[in-house]
Amino acid sequence: MKEINKLFIGGEWVESASGRMIEVVDPATEEVWARVPEGNGEDIDRAVKAARQAFDKGPWRRMSTYERAELMREMASLLKSNAEFLGEIESRETGKPVHRTKQDATGLHQWWHYYAGMADKIQGETIPFEDDKHIFTVREPLGVVGAITAWNAPLQLITMKLSMALAAGNTVVLKPAETTPVNAFEIAKLVEKVGFPPGVINVVPGYGESAGQRLTSHPDVDKISFTGDSATARKIMRAATGNLKKLNFELGGKSPQIIFPDANFDSAFESAVSHGFDYTGQACTLGSRVLVHEDLYDKFLERFKERAEQIKVGNPLEKVDIGPQANKQQLEKTLNYIKIGQKEGARLVAGGNRPSVDKGYYVNPTVFADVNPEMRIAQEEIFGPVVTVIPFSTEQEAIDIANNVSYGLSAGVWTKNLARGHRMAKELRAGTVWLNTFRYVRWVAPYGGYKASGWGRENGTEAMKEFTQVKTVMVDLNE
Ligand code: TXE
């Protein structure tokens, strides 16, 4: 059993106010494998105080951008050398296959390097106007950022939020998801090792309705950077009204992968499989709706069913394609949507059941065909290994189906027709459109949602706008 007894606040390891612990369940065995302290409102208050102090009075904001970047680069190296270890924990926490989580973890340092390089490139502009006035802008950090992360990709989300917020000179209170808090503490240990000034990064896991609520309503927190459910984002908006916090939301999706008859069929097909079922369907960017042109429909469906049935589901520590759902609530949600799909009259062509194992939140890869775009399984985010296949006949029909959902995180188009590809990219209401590729997310490219998929952008230089504010300075040159 892995035991972590203290919270990380103000550069020190401190007891939680309540003394209560969160029991972390391994979704593959349904057994408790780790215990971490449960932070409550009082702990959040202490963490915010430390972050505020570090921002207002500490060296972080005044440090040269070079020194700030140096600490971030050191963090990058430590993440790189600890990638295997962190990847193993991510697998235990989330149920993702360990060979994948280790691979993912080896890429995290890139975010820290990229944003370390950004620290000295955050700059304003001079604005020519009247001869006797000098007008210029500077971009300044916002202050204290509350980072609230989801359970589906803890390492990735923590990495993104911390590296972006810190590069801009903010300080952070990180509240990881209550079901996957372990790696947040491993990150805190690396933060301590690097020697970031006390209070710059604070880690307090806890439940949404207590720790999360306190962080989002705290008067001394300037911004919330949140990844999670759209319904939770609405609660956060309400909680944040007191001091009108800036909000950055990366929420769910129901992304389409649209396959035209002139596509490279094999590439499109492989993408539909891997980006339909990867991570047991628990990634916001996945292409959970596959829109297939009627000319390809039968051929596609036959192969898709066959491949879905070949996907190896099992213990994430072994060589499997997908593991269990990350928690019990998610398992129940997915099973419920499978029932809904059947009731709605969609044709179940693969899966729809659970593998016969004694323990673990496993669900077999499930394919619904002939799905009416209005059905709930085609409209709502399931976040499980459930793909809906929808036929279409014209380009316009594909656009209408793709856009007619409340989400707008991403979309993929498979076609060799260049003009069509560009037309589709223009018409699709999504934060990212991939042409002949899918789910290519990198630190350099802005990422975020249209509509109910979010507010603001992460990654790339756009993210710096989210974590800074503009000050205009006007000087009268006559005085
Ligand atoms: O998310 P929550 P849940 C979607 C996915 C999933 C559904 C529900 O469809 O099935 O959301 O997942 C914190 N104030 N996504 O319920 O609750 C919580 O402690 C402040 C998509 O687990 O949003 C955790 O740290 N914080 C998504 C974080 O919010 C609160 C990834 C996320 O949990 C809070 C995850 C509150 N009132 C789920 N309530 C994506 N974008 O990929 C909860 N939290």
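How many salt bridges does the rule find across the interface of domain 1 and domain 2? In this predicted model, the rule finds 1 salt bridge across that interface. The side chains of D278 and R100 meet in a salt bridge with an N to O distance of 2.8 Å.

Domain 1 comprises 2-251 + 453-474, and domain 2 comprises 256-442. The interface between the two is summarised below.

| Item (domain 1 and domain 2) | Value |
|---|---|
| Distance between C-alpha centres | 31 Å |
| Residues in contact | 25 residues of domain 1, 29 residues of domain 2 |
| Buried area | about 2300 Å² |
| Carbon and sulfur share of buried area | 53% |

Of the area that domain 1 buries against domain 2, E30, W151 and S453 supply 24%, more than any other three residues. The rule also finds 11 residue pairs in polar contact across the interface. On the side of domain 1 that touches domain 2, helix 3 (83-94) and helix 4 (98-105) each supply at least two residues. Helix 4 gives the largest share of that side, 4 residues. By type, the residues of this side divide into 8 nonpolar, 10 polar and 7 charged.

S230 is found in helix 9 (residues 230-239). Its relative accessible area is 6%, which is under 20%, so S230 counts as buried. A polar atom of the S230 side chain lies 3.1 Å from the backbone oxygen of A452. Leaving out residues up to four places away in sequence, S230 touches L251, G252, Y407 and A452.

In helix 14 (residues 395-403), the buried residues include E395, A398 and I399. The buried residues of helix 14 pack against elements including strand 17 (386-392), helix 15 (418-427) and strand 21 (450-451).

Technical notes:
Residues numbered from 1 in each chain as written. Predicted model: local features only at pLDDT ≥ 70, side-chain atom pairs only at ≥ 80, totals over all residues. Heavy atoms only, no water. Buried < 20%, exposed > 50% of the residue type's maximum accessible area, 1.4 Å probe, protein only. Polar contact = N/O pair within 3.5 Å; in protein donor to acceptor, adjacent residues only side chain to side chain. Contact = heavy atoms within 4.5 Å. Domains from an automatic or database assignment. Buried area = accessible area lost by both parts, 1.4 Å probe. Salt bridge = Lys/Arg side-chain N within 4 Å of Asp/Glu carboxyl O. Nonpolar A, V, L, I, M, F, W, Y, C, P; charged D, E, K, R; others polar.
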